[in-house]
Amino acid sequence: MIRLEESILIECSLDKLYSWFLNFDKNFVDWSPYHTEFEKLSGGFEKGDKIRFVEIVDGINYDVKGEILEHIKTENSFRLVFKAKSGLAHIYFIAEKTESGCKFTHIEEFGKRRGIFKNFINWIAFDILLKNKADWELIRRDMIEDNLYLKNYLETGLYGYEKNAQ
């Protein structure tokens, strides 16, 4: 299994960041110039709800459907977990309150976690069938850029690529 994890400190309240995620259907496409579509397939953003998103990074089209596995909010944190329909990807958005704002962590995991044939399935999936999409450095770079765009937006009201366009 491959696990990519990127964190960033954002000078905004946890509630502001959480509110941004609650409006993910409106914010996803604006979040990055690579994001092209987002749909709530079953109407919500709670555990068990189905969603679909599309992003095109360096010409590679990622069109992903899946289900929200976890949506937890406490006074000091929140955690959203998504599982791709294929079962080969999990995405985590985790935020924790800090003294100056919050720490946002974006995790993407790829591959089967359990099972007798997990290594074989992961090899078939990522080394043969999805080889062009399994560019871990490209995905990590996209995660870092997404974090920077989010930080910039929540702190200034502009996404990073908007600032460069002006």
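Buried means under 20% relative accessible area, exposed means over 50%, and partly exposed lies in between. Keep that scale in mind as you look through these close-ups of a predicted model.

**View 1. Glu5 and Arg3 join their side chains in a salt bridge.** Here the N to O distance is 3.0 Å. How exposed is Glu5? Its relative accessibility is 38%, so Glu5 counts as partly exposed. Arg3 has a relative accessibility of 43% and therefore counts as partly exposed too.

**View 2. A salt bridge brings Asp63 and Arg52 together.** Their side chains meet at 3.0 Å, N to O. Asp63 belongs to strand β4 (residues 60–73) and Arg52 to strand β3 (residues 50–57), so this pair ties together parts that are eleven residues apart in sequence. Is Arg52 buried or exposed? With 12% relative accessibility, Arg52 counts as buried, while Asp63, at a relative accessible area of 42%, is partly exposed.

**View 3. Glu70 and Arg79 form another salt bridge.** The closest N and O atoms of Glu70 and Arg79 are 2.4 Å apart. Glu70 has a relative accessible area of 23%, which makes it partly exposed. Arg79 is partly exposed as well, with 30%.

**View 4. Helix α1 crosses helix α4.** Two packed helices are described by the angle between their axes and the distance between the axes. For α1 (residues 14–22) and α4 (residues 136–156), the axes come within 11 Å and cross at roughly 115°. The crossing of these two helices is right-handed. Which residues make the contact? From α1 come Lys16, Leu17, Trp20 and Phe21, and from α4 come Leu150, Tyr153 and Leu154. Sorted by class, the contact of α1 with α4 has six nonpolar residues, one charged residue and no polar ones.

**View 5. Helix α2 has buried residues along one face.** Look along residues 24–31, which make up α2, and find Phe24, Asn27, Phe28 and Trp31: these are buried. Why do they line one face of the helix? Seen down the axis of α2, the buried residues fall within an arc of 115°, so they line one face.

Conventions
Residues are numbered from 1 along each chain as its sequence is written. This is a predicted model: local features need pLDDT of at least 70, side-chain atom pairs count only at pLDDT 80 or more; totals for chains, interfaces and linings use all residues. Side-chain values use heavy atoms; hydrogens and water are left out. Axes are lines fitted to C-alpha atoms, for helices over the stretch in contact, and angles run from 0 to 180 degrees between N-to-C directions. Helices (H or I, at least four residues) and strands (E, at least two) are DSSP runs, numbered from the N terminus. A crossing is left-handed if the near helix is turned anticlockwise from the far one by less than a right angle, and right-handed if clockwise. Contact means heavy atoms within 4.5 Å. Ala, Val, Leu, Ile, Met, Phe, Trp, Tyr, Cys and Pro count as nonpolar, Asp, Glu, Lys and Arg as charged, and the others, Gly among them, as polar. Buried means under 20% relative accessible area, exposed over 50%, partly exposed in between (1.4 Å probe, protein chains only). The arc is that of the directions from the helix axis to the C-beta atoms. A salt bridge is a side-chain nitrogen of Lys or Arg within 4 Å of a carboxyl oxygen of Asp or Glu.
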